[in-house]
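Please read the following note with the structure open beside it. The points are numbered so that each can be checked in turn.

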Amino acid sequence: IQSTTSGPSLLGVANAASGPVSGAVSCVELVSLYGIGIGPQSPLPGQVQNGVYTSSLGGYQVLFDGTPAPLLYVGPTQINTIVPSAVYLHDFTHVQIVTPTGTIDGPTLALLPAVPDIFQNSATGLAAALNQDGSVNSLQNPAKPGSIVTIFTTGGETAYEWSDGTVVPINAPVWTNLPVSVLLGLTSLEVLYAGDAPGIVAGVMQINFRLPDSLPQLNTFQVTLQIAGTTGGQGLIAVAN
């Protein structure tokens, strides 16, 4: 979406887990808005008050069908936010950015049950994954065959036990109500847990899955995520052989 006059312009919306710009989102998905002059020149991180991210930062807000969304970050060319649960069961949602000098009109996006993507570790080039002992998965610290690996995703979480922007309590994660598969080639791996990520904002899904006991002699394997029948998001996992 681009204006024909000078001034701020919202150019695209993407899944915050390194997803491509898309015309579709899902409820409680973490998304990144990209544009020119859409936020303050000095970036502002999200603020948590009473366990919930606020929906206003420095006079800026993001609205989905008029509902203010939790803000995780606002900057001049990027805003990270969460699609609010109020748009659940809508077919489409209209995005606007409220600024101290006026409102930037954005696109109308399709709403789907899931548009998942896997968070990536930019330092390693692998998925943002944890080994069974809780350490970060990397080529120097690979997972063992048969062990449990944890990945993180957004765009598929529809557990609405929490208010928008809530940081999920450590002792109270909730399973998603959508079917979740982790695929290694054509093989569906055992998923032991798929739901809220404790200690992280609601909308980020944690998936624990078990690697096969026997794997080919490779250092990394690419897993593909499937949620609610929608395939989206791939990530490399380092494995010891």
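Is Trp175 buried, partly exposed or exposed? The answer is given in point 4.

1. This is a predicted model, in which local features need pLDDT of at least 70 and side-chain atom pairs count only at pLDDT 80 or more, while totals for chains, interfaces and linings use all residues. Residues are numbered from 1 along each chain as its sequence is written, and side-chain values use heavy atoms, with hydrogens and water left out.

2. The chain holds 22 strands and zero helices (DSSP runs, E of at least two residues for strands, H or I of at least four for helices, numbered from the N terminus). The C-alpha trace spans about 60 × 35 × 30 Å along its principal axes.

3. Of the 241 residues, 49% count as buried (under 20% relative accessible area; exposed is over 50%, partly exposed in between; 1.4 Å probe, protein chains only). Among contacts (heavy atoms within 4.5 Å) between residues at least 6 apart in sequence, 59% join residues at least 24 apart.

4. One aromatic pair is found in the whole structure (ring centres of Phe, Tyr or Trp, the latter by its six-membered ring, within 6.5 Å; planes under 30 degrees apart are stacked, over 60 edge-to-face, the rest tilted). The rings of Trp175 and Tyr193 have centres 5.3 Å apart and planes at 80°, so the pair is edge-to-face. Trp175 lies in the loop between β16 (148–154) and β17 (180–184) and Tyr193 in strand β19 (residues 190–196), so the pair ties together parts 18 residues apart in sequence. Trp175 is partly exposed, at 49% relative accessible area, whereas Tyr193 is buried, at 12%.
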